[in-house]
Amino acid sequence: MKRIAKFEKVSFEQFRPACEEAFPGSDPAAIYNEIKLPRRATKGSAGYDFFTPEAFALKPGETIKIPTGIRVRMEPEWVLKLYPRSGLGFKYRLQMNNTVGIIDSDYYYSTNEGHIFCKITNDSNESKSVTLNRGDGFCQGIFIEYGITLDDDADGIRDGGFGSTSC
């Protein structure tokens, strides 16, 4: 197995304003101190579970943008893909708003410290609300190696996410 990445927490200065926006009235310092780094549940797991930094509930149709407090340093030519946890998708139709989150290796070096956010929606068509407690797994990340074309000449430098390179 190749070891190509390391998860870290973003700084508290980076996390605090995002936490205050996502979880009004919460104590960002207490939440930050309890952030759990992503990890695999079993030896055979492909996905690294990401954990909720704070409790939240979503009724059908509701959305939340979760500041994970996490960044990842990885080798070039690798990408981290984020998906909802299978059980949450199956039971509640919990969906990531961009279908699959793509974390490029150069995102780590952005001025936002490569802070990973996940925007999710409870897309239940069965009137099911979902409640997650602080520290519950809510999405999973899988590292994938990728290639480029023979005539690739990309030389841009990233600074941010969510369309920072175009669109």
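Predicted model: local features only at pLDDT ≥ 70, side-chain atom pairs only at ≥ 80, totals over all residues.
Residues are numbered from 1 along each chain as its sequence is written, and local features need pLDDT of at least 70, side-chain atom pairs count only at pLDDT 80 or more, and totals for chains, interfaces and linings use all residues. Side-chain values use heavy atoms, with hydrogens and water left out.

Strands are DSSP runs of type E with at least two residues, numbered from the N terminus, and two strands are taken to pair if DSSP finds at least two bridges between them. Strand 1 (residues 5-9) runs antiparallel to strand 5, to which 5 bridges join it. Within this pairing, Glu8 has Arg71 of strand 5 as its bridge partner. Strand 5 (residues 70-74) is largely enclosed by the rest of the structure, because 4 of its 5 residues are buried (buried means under 20% relative accessible area, exposed over 50%, partly exposed in between, with a 1.4 Å probe and protein chains only).

Strand 6 (residues 78-84) is joined to strand 8 by 4 bridges in the antiparallel sense, and Leu80 has Ile103 of strand 8 as its bridge partner.

Glu54 lies in the loop between strand 2 and strand 3 (56-58). Glu54 counts as buried because its relative accessibility is 16%. Its side chain forms a polar contact of 3.1 Å with that of Arg134 (a pair of N or O atoms within 3.5 Å; within protein, one must be able to donate a hydrogen and the other to accept it, and residues adjacent in sequence count only if both atoms are side-chain atoms). Not counting residues up to four places away in sequence, Glu54 touches Phe23, Ser26, Ile31 and Arg134, contact being heavy atoms within 4.5 Å.

The largest pocket holds about 490 Å³ of space. A pocket is an open set of points on a 1 Å grid over the protein atoms alone where a 1.4 Å probe fits, with protein on both sides within 12 Å along at least five of seven lines; lining residues have an atom within 4 Å of a point. Of its 16 lining residues, Met1, Lys2, Arg3, Tyr48 and Phe143 are the closest to the centre. Strand 1 and strand 11 (137-145) each supply at least two lining residues, and the largest share, 3 residues, comes from strand 1.

Conventions:
Points joined across faces, edges and corners; volume = space filled by probe spheres on them.
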